[in-house]
Amino acid sequence: MQIIPRIYMNGNCREAIELYKDVFGASVNYMMTFGDAKMGNDDQKDLIINSQIDISGYKFHLADNMGTEIISGNQCSFTVVMNNPEEVKAAFEKIKVGGKVIMEPAPSFFSPCHCGLVDKFGVTWQINCTK
């Protein structure tokens, strides 16, 4: 059995995938538009109906909304563990653009460098390192 988190976007899924590729080195396993699936209307044909990215061996599904309202919330966040503080700070600088910083990169009781933010797509991230 496998559990794969799915993140819905407000029409900007492709942009989110590009950001996660840049920040986390994600690779795209597949991406299908509403047009590819012969679903939706003309306004939706270039939106993403389903995609899968891989971040360090972990799979995520991302898609544009399918007619339901997307409400950004704090019920879920993703933690990314980097190799060192420099990687944490570099990722933070890229992903914070257009988002909301919860905590700037700083030492904590469990990590030499930890930060938190909500990216411009409404996804909450915790980024830290073990060394």
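Is Asp22 buried, partly exposed or exposed? Select Asp22 to begin: with a relative accessible area of 44%, Asp22 is partly exposed, where buried stands for under 20% relative accessible area, exposed for over 50%, and partly exposed for what lies in between (1.4 Å probe, protein chains only).

Before going further, note that this is a predicted model, in which local features need pLDDT of at least 70 and side-chain atom pairs count only at pLDDT 80 or more, while totals for chains, interfaces and linings use all residues. Residues are numbered from 1 along each chain as its sequence is written, and side-chain values use heavy atoms, with hydrogens and water left out.

**The whole chain**

Show the whole chain as a cartoon, and two helices and eight strands come into view, helices (H or I, at least four residues) and strands (E, at least two) being DSSP runs numbered from the N terminus. Followed along the sequence, these elements give the pattern β-α-β-β-β-β-α-β-β-β. The radius of gyration, taken over C-alpha atoms, is 16 Å, close to the 14 Å that the globule rule (2.2 Å times the number of residues to the power 0.38) gives for 131 residues, so the chain is as compact as a globular protein of that length. Along the principal axes, the C-alpha atoms fill a box of roughly 50 × 25 × 25 Å.

Colour next by accessibility: buried residues make up 37% of the 131 residues. With a surface displayed, the chain exposes about 7700 Å², of which carbon and sulfur atoms supply 52%; these areas come from the Shrake-Rupley method with a 1.4 Å probe, and for residues only the protein chains shown count as cover. If contacts (heavy atoms within 4.5 Å) are drawn for pairs with a separation of 6 or more, residues 24 or more positions apart account for 55% of them.

Select β1 (6-9), β2 (27-33), β3 (residues 48-55) and β4 (58-64). These four strands form an open sheet of mixed pairing in the order β1-β4-β3-β2, two strands being paired if DSSP finds at least two bridges between them. β1 and β2 stand at the edges, each with a single partner strand, so one side of each is left without a neighbour in the sheet. From one strand to the next, the twist averages 15°.

Keep β2 and β3 on screen: six bridges join the two strands, which run antiparallel. Within this region, Val28 stands opposite Ile53 in β3.

Start at Glu15, whose salt bridge with Lys120 has its closest N and O atoms 2.7 Å apart.

Move to Glu18 and Lys21, whose side chains meet at 3.3 Å, N to O. These two residues are three apart in helix α1, about one helical turn.

Return to Asp22, which forms a salt bridge with Lys94 across 3.2 Å between the closest N and O atoms. This pair links distant parts of the chain, Asp22 in helix α1 and Lys94 in helix α2 (residues 85-95), 72 residues apart. Lys94 is partly exposed, at 37%.

Select strand β5 (residues 77-82), which has a covered face made of Phe78, Val80 and Met82 and an uncovered one made of Ser77, Thr79 and Val81. Six bridges join β5 to β8, and the two run parallel; within this pairing, Phe78 has Trp125 as its bridge partner in β8.

Finish at Ile3, in the segment before β1, which is exposed with a relative accessible area of 73%. Ile3 and Phe60 are 57 residues apart in sequence and 9.3 Å apart in space, C-alpha to C-alpha.

Key:
Salt bridge = Lys/Arg side-chain N within 4 Å of Asp/Glu carboxyl O. Axes fitted to C-alpha atoms, helices over the stretch in contact; angles between N-to-C directions.
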